[in-house]
Amino acid sequence: MSGLRQRKGITLIEMIVMLAIVLILALLSIPAFTNLMQHYRITTAAEQLYSALQYARTESIKRNTNVYVSFTTGDNWCYGINTNSTCNCATAGNCNLGAYSAPASGLLSLSATGLSSNSFFFDTTHGGASSAATITYTLFGQASLITTSISMLGNIQTCSTGISGYTAC
């Protein structure tokens with residue numbers, strides 16, 4: 001074996017081939033990563049809304065006062081929770097129990113149906129809602145959406161079309 005040289009390390013050609021393979025795999029995974037981020041964005045927003053609505057309902061019973069949930073719809077959406085009256089979620093500090101806004105404008109839109117003046121309230125006795133409402137998140141440029149429904153009894157349910165992990169709407 002003295003006449004044979006042992007090879008140590010990798011050649012330049014081997015390194016270039018390896019980098020090309022890594023680059024191709026990275027480029028192929030970008031669409032999957034984008035879909036994963038969009039899925040995360042819409043599910044996070046829907047879960048946050050569900051928790052905020054449960055919080056508002058609980059606070060109405062605990063405080064023995066009506067608790068209002070006010071919405072601004074569209075791409076630059078927000079919603080706020082306030083005792084005794086509606087609030088403007090776009091104005092800092094206007095909603096005494098909290099306000100939540102779109103993480104990035106134009107990536108996720110919010111629509112609401114069944115609301116009077118884009119708001120409703122939970123009452124003091126049993127946490128019933130002043131009106132049945134449907135709040136829907138839609139991903140920009142896609143049909144995927146998550147819907148949260150509030151019944152007159154104050155029951156809150158979430159369903160989805162195109163997003164796994166939720167019952168079908």
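**Reading contacts and disulfides in a predicted model**

Tutor: Start with Cys169, which counts as exposed at 54% relative accessibility. Exposed means over 50% relative accessible area, buried under 20%, and partly exposed in between (1.4 Å probe, protein chains only). The model is predicted: local features need pLDDT of at least 70 and side-chain atom pairs pLDDT 80 or more, while totals for chains, interfaces and linings use all residues. Residues are numbered from 1 along each chain as its sequence is written, and side-chain values use heavy atoms, without hydrogens and water.

Student: Which residue does a disulfide join to Cys169?

Tutor: A disulfide is a pair of cysteine sulfur atoms within 2.5 Å. Here the partner is Cys159, with an S to S distance of 2.1 Å. The S-S torsion of Cys159 and Cys169 is about 105 degrees, so this disulfide is right-handed. The pair links distant parts of the chain: Cys159 sits in strand β8 (residues 156-161) and Cys169 in the segment after β9 (167-168), ten residues apart. Helices (H or I, at least four residues) and strands (E, at least two) are DSSP runs numbered from the N terminus.

Student: Is Cys159 buried or exposed?

Tutor: Cys159 is buried, at 15% relative accessible area, whereas Cys169 is exposed.

Student: How many disulfides does the structure hold?

Tutor: There are three. Cys78 pairs with Cys89, their sulfur atoms 2.0 Å apart. Cys78 belongs to strand β2 (residues 78-83) and Cys89 to the loop between β2 and β3 (99-101), so the bond ties together parts that are eleven residues apart in sequence. The torsion about the S-S bond of Cys78 and Cys89 is about 65 degrees, so that disulfide is right-handed. Cys78 is buried at 5%, and Cys89 is buried at 8%. Cys87 and Cys95 make another disulfide, with sulfur atoms 2.0 Å apart. The torsion for Cys87 and Cys95 is about 95 degrees, so this disulfide is also right-handed. Cys87 is buried at 10%, as is Cys95 at 9%.

Student: What pattern do the disulfides follow, with bonded cysteines counted along the chain?

Tutor: The pattern is 1-3, 2-4, 5-6.

Student: How many salt bridges does the structure hold?

Tutor: A salt bridge puts a side-chain nitrogen of Lys or Arg within 4 Å of a carboxyl oxygen of Asp or Glu. The structure has two. Glu59 meets Lys62 at 3.2 Å, N to O, and Glu59 meets Arg63 at 2.5 Å, N to O.

Student: Where do Glu59 and Arg63 lie?

Tutor: Both are in helix α1, four residues apart, about one turn of the helix. Lys62 and Glu59 are three residues apart in helix α1 (residues 12-63), so about one helical turn separates them. Glu59 is buried at 6%, Arg63 is partly exposed at 42%, and Lys62 is exposed at 62%.

Student: How many aromatic pairs does a search of the whole structure find?

Tutor: Rings of Phe, Tyr and Trp (its six-membered ring) pair if their centres lie within 6.5 Å; planes under 30 degrees apart are stacked, over 60 edge-to-face, the rest tilted. The search finds seven pairs. Phe71 and Tyr79 are tilted, 5.8 Å centre to centre with 40 degrees between the planes, and both are buried. The ring centres of Trp77 and Tyr79 are 6.1 Å apart and their planes at 5 degrees, so this pair is stacked. Both Trp77 and Tyr79 are buried.

Student: Which residues do ring pairs link into a cluster?

Tutor: The cluster links Phe71, Trp77, Tyr79, Tyr100, Phe120, Phe122 and Tyr137.
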